[in-house]
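The following exercises are to be worked through with the sequence and the structure at hand. Each task is followed by a solution in steps.

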Amino acid sequence: MSVPTGSRNPASAKTVTAAKTVTGAKTATPAMARAINDRLALDLLLEHGPLSAPQLRDLTGLSRPTVADLVERLREAGLVEAGGESGEERRGPNARLYALVAGRAHVAGVDVRRRGVEVTVADLTGRTVGRAEGPSGPDLTADIARAVTEAAGGRPLHAVVLGAPGLVHPHTSDLRSCAGIAGWSDDLLPRLPERLAVDGVRPEVLLENETNLAAVAELRTGSAVGREDFVLFWLDEGVGGAVVLGGRVRRGVSGGAGEFGTLQVAGGDFCYAVNPRTAADLGDAVLAERIAAGAADVVRVLDPGLVVLGGNVGRAGGEALAARVADHLSRLTPVPTEVRATAVEDNAVLQGAVLTALDLTRDRVFSPAS
């Protein structure tokens, strides 16, 4: 699996303008201005890769002395390092390239399944540096810790994000109706940071619903790139969904937003009407009709403009299934809705977990002392 290197908030002309405005505002303190400029430069390095000081000046609109100061500040903080030179004809200090220190921090994404645990570890730029898989049993805490430790290869982790089936409370992270995961206990999350500590570094551990993480992957690297509103229908061994509005996953008050499995389709629950075992016995036309029947109720209420078909069924059906669903959906609701198959490669839950962990870590690490 390739984890994208882009930041959660890629630098844009709008971002640069906002930064310049705040930097020059009379109410902005020097420390605030430095923090804004530092984060802007780090996001640009994350988005574009190594850049020279002149390139940073062009992209940010900051002055030569300001860029020189922030580069030195970031180097002292261990966030940026010099390496190589650009292809400019006049070589010199300004042509030196600066890059993020990829090993400054590492994160892990964990996909907790009924039959096992899968882990990916990535560096600060999002490059995968380790993977591991293992079985899950009665002592799930130990199983997760073992797989994460193997994937990390001795590296301290700053954040670990777990994806699991079930309702995850957005404020307490309590997992309800954990879909038959053996060994899950209420003290699993509190115990993991100590079990995963390396050289005194205890990672922040976060639990999220698996489908919400898959939606993050679709939003950032898949079929919903460039869209702020969409609904993901997760068609896998567990059937559910996720709602993204305004570019954010919406969890609801109790974490139940997007739980589409109990929608009534074909005389029963949607989760039974379209799960992989049932889908294998259905023709493409009937499967598409059932998916559209469930999607229609959601589209009528949310008007998301886009439905993404994820999971193994969505991937296997591809654009052909998406086209059939779109055709049926257009007859069931007047709300115009595009339907796309997932475009996330490999494990969408795991990729969304890594992206979420990177967001948490970058927000903390990209705040050097002023």
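**Exercise 1.** Determine the strand order of the open sheet of 5 strands and identify its edge strands.

*Solution.* In this predicted model, the order of the open sheet is β13-β12-β11-β16-β17, and the pairing is mixed. The edge strands, each of which pairs on one side only, are β13 (248-250) and β17 (338-341). On average, neighbouring strands of this sheet are turned by 25 degrees against each other, direction ignored.

**Exercise 2.** Describe how strand β12 is joined to β13, and state which helix packs on the sheet.

*Solution.* Strand β12 comprises residues 239-245 and runs antiparallel to β13, with 3 bridges between them. Within this pairing, V243 stands opposite R250 of β13. Helix α7 (residues 210-221) packs on the sheet and touches β11 (230-235), β12, β13 and β16 (306-310). The direction of α7 makes about 125 degrees with that of β11.

**Exercise 3.** Classify the ring pair formed by F233 and F270, and decide whether each residue is buried or exposed.

*Solution.* The number of aromatic pairs is 2. For F233 and F270, the ring centres are 5.7 Å apart and the planes stand at 75 degrees; an angle over 60 counts as edge-to-face, so this pair is edge-to-face. The two residues lie 37 residues apart, F233 in strand β11 and F270 in helix α8 (residues 270-273), and the pair thus links distant parts of the chain. Buried means under 20% relative accessible area. F233, at 0% relative accessibility, therefore counts as buried. F270 likewise has a relative accessible area of 0% and is buried. Finally, ring pairs link F233, F260 and F270 into a cluster.

How values were computed: Residues numbered from 1 in each chain as written. Predicted model: local features only at pLDDT ≥ 70, side-chain atom pairs only at ≥ 80, totals over all residues. Heavy atoms only, no water. Pairing = 2+ DSSP bridges. Helix = DSSP H or I, 4+ residues; strand = E, 2+ residues; numbered from the N terminus. Axes fitted to C-alpha atoms, helices over the stretch in contact; angles between N-to-C directions. Contact = heavy atoms within 4.5 Å. Phe/Tyr/Trp six-rings, centres within 6.5 Å; stacked < 30°, edge-to-face > 60°. Buried < 20%, exposed > 50% of the residue type's maximum accessible area, 1.4 Å probe, protein only.
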